Amino acid sequence: MPLGTSGWSTPLSSSATLSSPPSPRLDKPEAAPFDNPRVQASQAIEYIASRTSASSSVYVYDVAEQVGFGTLTKEWANGQVSGTAPVVDLQTRAGAGLSLIGRLSQGTSHEAGRGAVLTAYTTPSGLALMAPAFGHLPQANATSKLVVQVPTVTAIGETLTLSPTLSPLASVWSLFPDNVTVLLSSTPQQAVDFAKIAYTVTDSHVVHLFDHFSSSREFGHAIREPKVDGVTLAESLKSTGYSYFQYTGDAEAQTVLVFLNGPLALAAQAIVKNSGLTGVGILTVNVLRPWDEAALKAVIPATVKVVHVVDEVPNALTQGSLYVDVFSSLLAGPSKPTVQGHRVVPSQTQDYLNGEKALLSFMSGIAPAGSPAASVLPKDNRAILLFGTPQSTLASIPRVIEDFFLTSSKITSRLLTDYDAFSKQGGIFASRIVVSPKSDGVLPAPIPVAIPLDHSSGGQSDLLAILDQGLLKTHSLLKHAKPHSTVLLNSTWTAEEFVSNAAGEVAATIKERDLRVFTIDAKAIANGLAGASGPENDAVQNLVLHLAFVRLYLGAKANESTLLRVVGSGLEDTIFGIALTKINAQAWGGLHAIPASELVESKAVLKDFDVNAIAVDVDNGETVVNGARLGSWHDAARHLLFPSVYSQPTPESDEQYPQNPALRPEVPDRTFLVTCTVNKRLTPLDYDRNVFHLEFDTSGTGLKYNIGEALGVHGWNDEQEVLDFIEWYGVSADRLITIPVPGEDTKLHTRTVLQALQQQVDLFGKPPKSFYTDLAEYAAKDVDKYALRFIGSAEGSSTFKKLSEKDTVTFADVLRLYPSARPGIERLCELVGDIKPRHYSIASAQAVVGDRVDLLVVTVDWLTPTGSPRYGQCTRYLAGLKIGQKVTVSIKPSVMKLPPNPKQPLIMAGLGTGAAPFRAFLQYLAWLAEKGEKVGPVYYYFGSRYQAAEYLYGEEIEAWILDGIVTRAGLAFSRDGRKKVYIQHKMLEDSEALAKMLYDDEGVFYLCGPTWPVPDVYEALVNALVKYKGVEATAAGEFLEGLKEEERYVLEVY
């Protein structure tokens, strides 16, 4: 079969890219999501809604993130992207809107007192639960109102198929009060414009419903930045070219169909406009509330005899509110057209949007006799469909192809990717691309209507690509290819193997529709050109498949040189050292036609593709599916079926002891619950420093650590201090409060006051300057208010510095200093913030001690200038641990690592508790020596005040000296002699040996402890190199700096 028979006439540009670009990083001002076809409208809506210039806070309901809306807002907030409003997670339940209403109601909330524009993200089903609370909304104004952004996607039926149906709202539309505006949008530009209008309108709360089923998730629309003038709804709509109602179709129509704006309305508009149906008009409702009867009458042609109102309802017995609105508006007037209602249930909505004939049949039945045949997709449009598996090497191919089309100035291209997480382990994606000539007169239909994926499809795709050969054996995919169209299969099968694997429905469909099937083995070609698996191999695979696709797209126009020119002009002449001409030649020769005559038809049951998941790619490379950060796509189906179980999603793990999501869920680190078995003081009881040794039993937890890593301790505040504060503050320790969960997800959780202040809130931490300014807003007395404002201002810097550095005041101290500033306890928890884990170098080697982890800690305490005692929060917690007490810990990587070769010389310098990682090092080296392995020379320097009191692990060190593990010990006890001796003095005594180890023998130098000796230690090493290696001081310094890059000069100081 000649390849030339598959040609299309749509002109193309001649450049392409090899990888799909990530979403723009909005921490860079130039990356705002406008005029960029690689940005979805939903991203732009999140961007507008999450700016601090628009919202004071954004409340993301779980149902919104489950349909892929809100994830990016949370990413920006958690990543502290400039200009992003604070984000709070909320669960959807009955009365879901009451918490937001409370935050806007005067006298009950700090938001109301200070003025706030609150934004909420939810879905139609979530909005239905919120609506009853809207009757309690206070009057909106420019600085205090509620905006609800609603992506119209709802899971329906037993398969949880995603649908844009508005049926969950049918029974609550009448509950929306007069001070709530309801906007509905359908196209990407309109969705973004209305999202902006929601924040410019000052006299009303706003609910904005937009099409997230298709258009707002499409790529290919260069969305303009909204320019909205006016503060009333009418002014804002007029400035952006919109009105309450939009009419499309015959100006002298006899029949009009009325839709709420959305994908159904957009599809109907496209059919009427693109098919030239006469006698028919489509009236789209952009503003449902407030209902404007006069505006409705003004846009309906006087010639209309019948008005058909399409109401989306949960069942056929429910009366739609849109019918009631239209009927009552047209009841009075000179012309009284007949008003007929059409109750569309969710299954019909699916049929109309996913079935190529259902909506056409419905509209053709209403259109007057003699109207031309209706169609969805203009004849000069081309439909492309690609099926593949997420997280595979070729998963980015749809974006590569879309980018290829976007470079053309003569065509437009739209891409929509959907996912099926149920029908195959690991999931499947379907990417639909509509390519059309640029034309101002054509209204683009929603992609699901243009390229439907219904189970009884007659085929709409002109070019269908299957990127994973396994899908051909499990899923009914070829039925989506139109007769006489082209199919591309990425496969390792030979022609003979294809015949044996493509039996049954596949063979029958190929023959019945006369499909032209071509195969290419992209992986085999990449292996031959780029070698084994790796990024080079992956890139070549993508390029090979892209070349094959473009060749089939060009059809008769394609020859090898043309293909190279069209694709290659946007690429370098070589890809990873491989000539582009060679890759092109291999791709050209590797495309093979499959003879249909040899295929054998038989009966076989294949699965259908259902859209039931939406994926969002975030900046760090993770994929969030229906709101869950999944370890793999194997988790997606379970998350869809049991979303409540995945409120703290746990990635798939082969670990014997996987993470317990209930253990400190607010902590983003992997946490473990360990048991204290030893808490031993190492310094004398009468000594002024309490240095103590801790051991924790880790058996049964799965905790693993490497030598030199740090243990993060999630400590608590002192219980008695907390109880004293609670009594002074005048609240009950047992009172339940709901506060934001800190960390990555910022969800809400309920705690008692005692639990919150002891376990989570950093009540005895050091307040930043902003705390004084924030607290001032709650001061009842002017003297306290002005004092707090002054300390938080630029002029009060010296006062703040004294309080912070000299007086070392805590949050609790500030509250006692200014007692009239007393926010509610929930707000106080938010103002103060959360206790951060403290990290301590691990003083043991797990290879030696097994299921145990050791710490070396010194209690931090001091007196303020007034004589008040102060304590380090976490060291106080650790010092008070009882044997058997459970402690939550995590592991933090460290720069303190042993070199790969145990024979390399080691120089260790530790001050005080800085000896901790070196005990682990020496334990491990002694263990290696016991096994008969040779270890290199070790110079160990240790410094403290008194040998009798602070020779930490002295008995172990002496034993290692006797065993030859420690070659030389430079012990500096600064207060034992008349002259103070520090570790740098001991190092100077060994200058020649140190210079040789570092300069000649690839030795490694480590320093752990306080920062103050760093310059002196550095100078000692420089002097050693100058004296014994004959280098200039500058060169010696550069040499040491170079060792840092090689991880041979390692500092861990604090």
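**Cavities between two domains**

Good morning. Domain 1 (41-240) and domain 2 (246-366) both contribute residues to the lining of the second largest cavity, so this cavity lies between them; the domain bounds come from an automatic or database domain assignment.

This is a predicted model, in which local features need pLDDT of at least 70, side-chain atom pairs count only at pLDDT 80 or more, and totals for chains, interfaces and linings use all residues. Residues are numbered from 1 along each chain as its sequence is written, and side-chain values use heavy atoms, with hydrogens and water left out.

A cavity is a set of points, on a 1 Å grid over the protein atoms alone, where a 1.4 Å probe fits but cannot get out, and its lining residues have an atom within 4 Å of a point. A volume is the space filled by probe spheres set on the points, which are joined across faces, edges and corners.

The second largest cavity has a volume of about 60 Å³. Among its lining residues are Leu166, Trp173, Asp311 and Glu312. Strand E13 (306-312) and helix H11 (321-330) are the elements that give two or more residues to this lining; helices (H or I, at least four residues) and strands (E, at least two) are DSSP runs, numbered from the N terminus.

Note on methods:
1 Å grid on protein atoms, 1.4 Å probe; cavity = no way out; pocket = protein on both sides within 12 Å on 5 of 7 lines; lining within 4 Å.
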